[in-house]
Amino acid sequence: MRVALFLTCVNDTLYPDTGRAVVKLLTRLGVEVDFPMAQTCCGQAHYNTGYRHEAEPLARHFSDVFAEYEAIVTPSGSCGAMVRELYPRMGERARAEGRGDTLAATLAPVVPKTYELTEFLVDVLRVTDVGAYYPHKVTYHPTCHGLRGLGLGDRPRRLLRAVAGLELVELPGADECCGFGGTFALKNSDVSAAMGADKVRNAESTGAEVLCAADNSCLMHIGGTMTRLESGMRPVHIAEILASTKEGPAS
């Protein structure tokens, strides 16, 4: 199977190791992974801040870059939800504004074949044991877009439970937002910081060494809060855990 890695802006700029982990993991599972160099932002930041029309050229470009692939895999629930949930809505709004069906038709091919990493593993490859080894105590935070937008459900937990050496402990208040929310964290910084502190305290109560999630934007917020609170925990993307093996362990 030939798939495209949609890395996303945050990962490309700040967390390239997550992208490397996705490639390592999928290659180990027999998947041919391409990284289209022409990829740019999917338009989520623009759309969620109210710049819907400005997001449209980015969405068109996304479709032009990725339409030829069998599947598009991203280690980001929020950007995955942008394509799956909001691209169809963008097309509908353009139609309602009297601009015809062109945008909807352009975006339609990429919508059903865009997958967040864990749903691609479980639903498409039909694996839960990916041959990973990670001898640490871990708690999992289900990010809002993955939980509510994509409906990832227990897929990430099923993958984590199958990792050799990993002890998975449940996070109290797991379904509560960490407080990031993109520009929400800037416009409502006090509320965002308080929500982040609640999330970190709940994570610390589990006794876990690691808090993992499927979205580095949320892990960035949580990790910054951990630093400010001088927590002994560390944030790790689930891709890096699943890519880890005895021969090539992740920290």
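**Salt bridges in close-up**

**View 1. Arg158, with a relative accessible area of 36%, is partly exposed.** Accessibility is classed as buried under 20% relative accessible area, exposed over 50% and partly exposed in between (1.4 Å probe, protein chains only). Its partner in a salt bridge is Asp154, and the closest N and O atoms are 3.8 Å apart. Asp154 is likewise partly exposed, at 39%. A salt bridge denotes a side-chain nitrogen of Lys or Arg within 4 Å of a carboxyl oxygen of Asp or Glu; the count by this rule is 12. The model is predicted, so local features need pLDDT of at least 70 and side-chain atom pairs count only at pLDDT 80 or more, whereas totals for chains, interfaces and linings use all residues. Residues are numbered from 1 along each chain as its sequence is written, and side-chain values use heavy atoms, without hydrogens and water.

**View 2. A salt bridge joins Arg20 to Asp17 within helix α2 (residues 16–28).** The N to O distance is 2.6 Å. The two residues are 3 apart, about one turn of the helix; helices are DSSP runs (H or I, at least four residues) numbered from the N terminus. Arg20 is exposed, at 54%, whereas Asp17 is partly exposed, at 48%.

**View 3. Arg84 and Glu119 form a salt bridge, with their closest N and O atoms 2.6 Å apart.** This pair links distant parts of the chain, 35 residues apart: Arg84 belongs to helix α5 (residues 77–96) and Glu119 to helix α7 (residues 117–124). Glu119 is buried, at 4%, while Arg84 is partly exposed, at 26%.

**View 4. A network of salt bridges links Arg52, Glu56, Glu97 and Arg99.**
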